[in-house]
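Colleague: I would like to go through the labels used for this model and hear what each one rests on.

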Amino acid sequence: MDIFFSFIIPVYNRPNEIRELLASLTQQSYKKPFEVVIVEDGSSIDSESEVEVFRSQLDISYLKKDNSGPGDSRNYGMRRAKGNYFIVLDSDCILPPQYLEEARKSLDNDYVHCYGGPDAAHESFSNVQKAINYAMTSLFTTGGIRGGKSTVDKFQPRSFNMGISKEAFEKVGGYGKIHPGEDPDLTIRIWNNGYDTKLIPEAFVYHKRRIDWNKFFIQVNKFGMVRPILNKWHPGTAKITYWFPTLFCLGFMVSLILLLFKIVIPLGIYILYFTVLFIDSLIKNRNVQVAFLSLIAVCIQFAGYGLGFLKSTFWINFSKKKPQELFPKLFFN
C-alpha cells in the first residue's frame with residue numbers, strides 16, 4: 001500500500017528534548033514526504049519557539065491542549081494527522097538517519113498494522129543513562145520485551161517507538177487512560193481485533209531517559225503496579241514471568257538469611273547472576289563504570305517493579321474497589 005507516515009509526539013515541559021528530536025528528523029535519508037505532529041500536553045513551558053525553528057525543514061503540525069496524559073495526547077494527534085500510518089515517539093528520543101527508510105523497507109516486505117522498534121544508548125549518553133538503558137533492554141533482565149531480537153514472548157511494541165496504521169487505530173479506539181501501561185493495553189486490544197505486530201530491529205531509536213536513580217525507581221515501581229491491573233483487564237495475558245522481579249527480591253533476602261546459617265549456595269547463585277550481568281554490560285558498553293552502574297540499575301529495577309507488582313496484586317485481588325479507586329495516580333481523567 002502507499003504509506004504516508006505521520007510522527008505523533010506528545011511533549012510536556014521539555015522544549016530542549018523536542019529540539020534534538022526534530023533535528024534528527026531533518027537528517028532522515030527517507031526520500032518521500034512525511035508529517036510531524038507535535039502535541040503540547042498542557043505544558044507550562046511550551047515548545048512553540050523550538051518548533052518554529054524547523055518549520056522550513058519539516059512538515060509540522062503544532063497542537064496545544066489541556067493536560068490529559070500521553071495516551072490521550074497521542075490519540076489527539078492521530079485524529080488530526082494527515083498520514084495513514086502513525087509513528088509514536090517519546091520526546092526524549094533521537095532517531096538515526098536511516099530510521100524511516102528501515103521502517104518502510106520492513107513494512108513493504110511484510111506489512112503489519114503495528115510494529116515496534118528497540119531503543120539503544122547513544123554514545124553521548126551519560127554513564128547512568130547507559131546503565132539504565134542496559135537494565136531496561138537486556139535479555140538477562142527483561143527478556144528482550146522492549147526490543148531485543150530474541151524475546152521470551154510475542155513482541156509488544158512500546159510507545160517510545162511504535163508504529164500503528166490508521167485503520168488499526170480507528171478500529172481499537174487508541175490508547176486508554178492508564179499510565180504507564182497504556183502501551184501493552186493497546187497492543188493486547190490490537191491483537192484481540194485480529195491484527196499482528198512485529199519487531200523491526202533496524203528501526204531503533206536512541207532513548208535518552210532523562211532520569212536519576214530515584215525517578216527510575218518511581219518509574220519501574222509504576223510499571224510493576226500496572227501489570228496486575230492489565231492482567232485483570234485481559235485475563236489471558238497473565239504469565240508467571242511477571243512474578244520474577246518479586247521472587248528475585250524475596251529470594252535474595254532469603255539467601256542472606258541462609259548465609260547466617262552458613263548456607264552459601266543460594267547467595268552464590270545471585271553472585272553468579274550479577275557476574276554474568278557485569279560481563280554482558282561490559283561487552284555491550286565497553287566501559288567498566290557503566291558495567292558497575294548496570295548492576296545498581298538492575299537492583300533498582302527489580303526492587304521497584306517487584307514491590308509495585310506485589311502491592312498491586314494484593315489489592316487488586318483482595319479489594320472490591322476498582323483499580324481507578326485503588327491507584328488514582330495511575331489514571332488520567
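Modeller: Start with burial: Glu-182 and Arg-74 are both buried, where buried means under 20% relative accessible area, exposed over 50% and partly exposed in between, with a 1.4 Å probe and protein chains only. This is a predicted model, in which local features need pLDDT of at least 70 and side-chain atom pairs count only at pLDDT 80 or more, while totals for chains, interfaces and linings use all residues. Residues are numbered from 1 along each chain as its sequence is written, and side-chain values use heavy atoms, with hydrogens and water left out.

Colleague: What makes Glu-182 and Arg-74 a salt bridge?

Modeller: A salt bridge is a side-chain nitrogen of Lys or Arg within 4 Å of a carboxyl oxygen of Asp or Glu. The closest N and O atoms of Glu-182 and Arg-74 are 3.0 Å apart, so the pair meets that rule. Glu-182 lies in helix 7 (residues 182-192) and Arg-74 in helix 3 (residues 70-80), so the bridge ties together parts 108 residues apart in sequence. Helices here are DSSP runs (H or I, at least four residues), numbered from the N terminus. Glu-182 and Arg-74 also belong to a network of salt bridges that links them with Asp-90 and Asp-183.

Colleague: How many salt bridges does the rule give?

Modeller: The count is 17. Another one joins Asp-185 and Arg-189, at 3.3 Å between the closest N and O atoms. Asp-185 and Arg-189 are four residues apart in helix 7, which means a separation of about one helical turn. Both Asp-185 and Arg-189 are buried.

Colleague: Why is helix 10 called oblique to helix 11?

Modeller: Helix 10 (residues 265-285) and helix 11 (residues 288-318) pack at about 130°, with axes 8 Å apart. Angles under 35 degrees count as roughly parallel, over 145 as roughly antiparallel, 65 to 115 as roughly perpendicular and the rest as oblique. That angle therefore makes helix 10 oblique to helix 11.

Colleague: Which residues of helix 10 make the contact?

Modeller: With contact meaning heavy atoms within 4.5 Å, they are Tyr-273, Phe-274, Leu-277, Phe-278, Ser-281, Leu-282 and Asn-285. On helix 11 the partners include Val-288, Phe-292 and Phe-302.

Terms used:
Axes fitted to C-alpha atoms, helices over the stretch in contact; angles between N-to-C directions. Helix = DSSP H or I, 4+ residues; strand = E, 2+ residues; numbered from the N terminus.
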